Amino acid sequence: MKKSFLLLSAFFVLSISCKNNTVQKISSIDEKMGFKDLKLETHVNQYESLQTVLLHEYPDVHIKVFKVQNEKYLKIGTINLSEVEITTIDDTISKITISKKDALIEGDDLIDVLNEQYGKATQMPDKSGYYWTGNNCVINYNISDGDIIGMAEVSFSSVRLSEKFLSYSKQQKILNSSEL
């Protein structure tokens with residue numbers, strides 16, 4: 001299940017990275033390339049207080065998920081986050097995910113901060129969330145687990161590393177055509 005989620009996540013990043021929304025601040029998305037000082041496409045050993053929570057090993061690619069255990073990442077202004085995770089491909093950060101409990105389905109303060117920072121988000125076609133696209137980075141926002149209140153999740157993903165993993169997945173037939 002987690003493997004399919006990682007693969008579909010990579011596919012989604014690639015499918016929306018091709019869109020260019022002029023309202024969004026593309027240069028800001030690409031300049032930041034991550035969350036706070038956690039930067040996409042950097043080596044994971046640059047960061048401290050990481051706990052490995054998941055490991056997938058394929059013949060030529062190693063995927064790890066780390067939980068960031070440092071309080072400085074659990075707050076954006078007055079917004080309290082519940083968790084920050086880093087996903088790596090061969091020890092290079094490919095995705096950073098931040099989570100917030102008790103997010104309101106209609107009008108959450110976290111999406112307000114993101115809209116201020118990166119411009120107005122584009123709603124996903126299935127209306128399950130929002131996204132911002134840069135040339136090198138895609139940011140996804142969605143809320144799950146409830147009708148009124150749920151868990152907000154924001155992921156910052158490297159387009160280049162998502163392409164690399166998707167290409168590898170197709171070569172190794174990790175994905176089948178029904179998962180795309």
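## Salt bridges

A salt bridge here is a side-chain nitrogen of Lys or Arg within 4 Å of a carboxyl oxygen of Asp or Glu. By that rule, this predicted model holds 6 of them. Before going on, some ground rules: residues are numbered from 1 along each chain as its sequence is written, and side-chain values use heavy atoms, with hydrogens and water left out. Since this is a predicted model, local features need pLDDT of at least 70 and side-chain atom pairs count only at pLDDT 80 or more, while totals for chains, interfaces and linings use all residues.

Start with Arg160 and Glu41, whose side chains meet at 3.5 Å, N to O. Arg160 sits in helix H4 (residues 159-172) and Glu41 in the loop between strand E2 (38-39) and strand E3 (50-57), 119 residues apart. Arg160 is partly exposed at 45% relative accessibility, and Glu41 is partly exposed too, at 30%. (Buried means under 20% relative accessible area, exposed over 50%, partly exposed in between, with a 1.4 Å probe and protein chains only.)

Lys164 of helix H4 reaches Asp90 in the loop, a link across 74 residues, with 3.5 Å from N to O. Lys164 is partly exposed at 41%, and so is Asp90 at 28%.

## The overall fold

Counting helices (H or I, at least four residues) and strands (E, at least two) as DSSP runs, numbered from the N terminus, the protein chain has 4 helices and 12 strands. Of its 180 residues, 47% count as buried. Take contacts (heavy atoms within 4.5 Å) with a separation of 6 or more: residues 24 or more positions apart account for 58% of them.

## What's inside

Now for the nonpolar cores, meaning sets of buried Ala, Val, Leu, Ile, Met, Phe, Trp, Tyr and Cys residues joined through side-chain atoms within 4.5 Å. The largest has 33 residues, and Phe35, Leu38, Val84, Trp132, Tyr141 and Phe156 touch the most other members. Elements supplying at least two residues each include strand E4 (62-68), strand E8 (92-104), helix H3 (109-118) and strand E12 (149-158). Another core, of 7 residues, lies apart from it, with Tyr58, Val61, Ile63 and Ile89 among them.

Leaving aside neighbours within four places in sequence, its contacts include Gly34, Phe35, Ile96, Tyr118 and Ile139.

## Helix H3

Which residues of H3 are buried? Leu110, Ile111, Leu114 and Tyr118 are. Seen down the helix axis, the buried residues of H3 fall within an arc of 95 degrees (taken from the directions from the axis to the C-beta atoms), so they line one face.

## A tilted tyrosine pair

Rings of Phe, Tyr and Trp (its six-membered ring) pair if their centres lie within 6.5 Å; planes under 30 degrees apart count as stacked, over 60 as edge-to-face and the rest as tilted. That gives 2 aromatic pairs. In one of them, Tyr130 and Tyr141 are tilted, 6.4 Å centre to centre with 45 degrees between the planes. Tyr130 belongs to strand E10 (residues 129-133) and Tyr141 to strand E11 (residues 137-144), 11 residues apart. Tyr130 is partly exposed at 29% relative accessible area, whereas Tyr141 is buried at 4%.
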